[in-house]
Amino acid sequence: MNWNYLKHEFLITVRSRRNIPFLLFVGVLLLSYCLVLLPNANTKEAFDKKGTEKYLVNLEIQQKLREQIGNTGVVLHSGIPVYAWNDYNYGLFKGMLSAYTEGNYTRLLKLRTFYLEGNKDEYVNDKALFKVFPFPGKDREHLYHQTMIQYEDYITKGVPITFGIMYEKTGLQALQNFLQGFGVYFLLFCTIYFSSDILSRDRKHRTLLQGIPLSWYRQLNLKSLSAFLYSMLFIAGVVVIGVLIMSWQYGFGYFDLRVPTMIAQQTFKIQDYSFITIASYLGKTLAVLPLLLLIFVRLNVIFSLLLKNEWFVLMFSTVVLFSERLYFSRTTRELFGLDISLFPQTYFDFGKIVDAEKNYLVNTETITYAKGIIALLSLLIIIEVILFLVSRLVNKRRYYKFG
């Protein structure tokens, strides 16, 4: 009977007309993200071909002018050999332009890495970078260290450098960046949507429910399991399709490429950094995702029992999902006098926990992977206890108003 009921609930979710527009929306969003947004996304490292060409033309004009007036030596007041320095830069940028035009990304990567090693100011003094952020200087230096760690890893491993590898557009790198951004929030919101009506949809067929030989609490558990399985299949489908589309365009990528992480929040120098592989990052992040899904599915059941309206359930669960955003700032390290690492909502965006990015954002070292699992498991236990008590208070007869 348990299997038949679970299968029945799962098929109801699969055939739900309510989900069709949402699935179409997600499909369009996924295709737009993979075919339009990511391919056209520009970062600090995006090669500016027109800008480089203009720079070389201007540099060439300056050099010829200096040759004409005989100003090719050391500038007396500053002691800087401007002519020699310009000549050096002309050769370097000319090489990068040629490598980019010819599609020789291995050469481009080596030249760019060589240039950045001696020109940290390329990031630190870029006023357009992070200009609306509260700590732009810190963020620029952070991005510089991350970029250098990745580039040095590409060169050390000797993997074939393609456009996709260099600019993080391969299937695996796209998935990594998706999870490091707001990807986990998006997947959790989809789960909230799919499970927000698992009780309210049955109120249209109340007479059929009276003859089901299952306890009310057992029914709630099986409904939760069906929503959980459906959400897991949906997420697996989104991830696989997204990775395949990006792999078709830019290649699959490599599991052993480095993802920069911060091991300390002391000097913010390269010594504070370490790395994990993409395989480790994806494994650790995706391993916690089922726990997060189960939390919100069970939370939706509680809200369904109390609110009896799927749209209210969707609204309240969404508020819980984004509750951290109500108080989060780059200086928030405590909530109600307690360290934020003790609160489960700190770990809802788990993609920023594995690479210690959340620690970096708030300048702390207390937010850890292990502590996150403990906090989320504790939240699930609390939710389970509340659900058990609420299911006794709001039984089947009271919820569906039989008789």
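These questions and answers concern aromatic rings in a predicted model.

Visitor: How many aromatic pairs are there?
Guide: The count comes to 28 aromatic pairs.

Visitor: Why is the pair of Phe 194 and Tyr 230 called edge-to-face?
Guide: Ring centres must lie within 6.5 Å for a pair, and planes over 60 degrees apart count as edge-to-face. The centres of Phe 194 and Tyr 230 are 5.0 Å apart and the planes stand at 85 degrees, so this pair is edge-to-face.

Visitor: What makes this pair a tie between separate parts of the sequence?
Guide: Phe 194 belongs to helix α10 (residues 183–195) and Tyr 230 to helix α12 (residues 216–250), so the pair ties together parts that are 36 residues apart in sequence.

Visitor: How do you know whether Phe 194 is buried or exposed?
Guide: Buried means under 20% relative accessible area. Phe 194 has 1%, so Phe 194 is buried. Tyr 230 has 9% relative accessibility, so Tyr 230 counts as buried too.

Visitor: Why is the pair of Phe 194 and Phe 234 called edge-to-face?
Guide: The cut-off is again over 60 degrees. These planes are at 75 degrees, with the centres 4.9 Å apart, so the pair is edge-to-face. Phe 194 in helix α10 and Phe 234 in helix α12 are 40 residues apart, and both are buried.

Visitor: Which residues do ring pairs link into a cluster with Phe 194?
Guide: The cluster holds Phe 10, Phe 22, Phe 189, Tyr 193, Phe 194, Tyr 230 and Phe 234.

Visitor: Where does the charged end of Lys 138 sit?
Guide: The charged end of Lys 138 sits over the ring of Tyr 360, 4.6 Å from the ring centre.

Technical notes:
Residues are numbered from 1 along each chain as its sequence is written. This is a predicted model: local features need pLDDT of at least 70, side-chain atom pairs count only at pLDDT 80 or more; totals for chains, interfaces and linings use all residues. Side-chain values use heavy atoms; hydrogens and water are left out. Rings of Phe, Tyr and Trp (its six-membered ring) pair if their centres lie within 6.5 Å; planes under 30 degrees apart count as stacked, over 60 as edge-to-face and the rest as tilted. Helices (H or I, at least four residues) and strands (E, at least two) are DSSP runs, numbered from the N terminus. Buried means under 20% relative accessible area, exposed over 50%, partly exposed in between (1.4 Å probe, protein chains only). A charge sits over a ring if NZ of Lys or CZ of Arg is within 6 Å of the ring centre and within 35 degrees of the ring normal.
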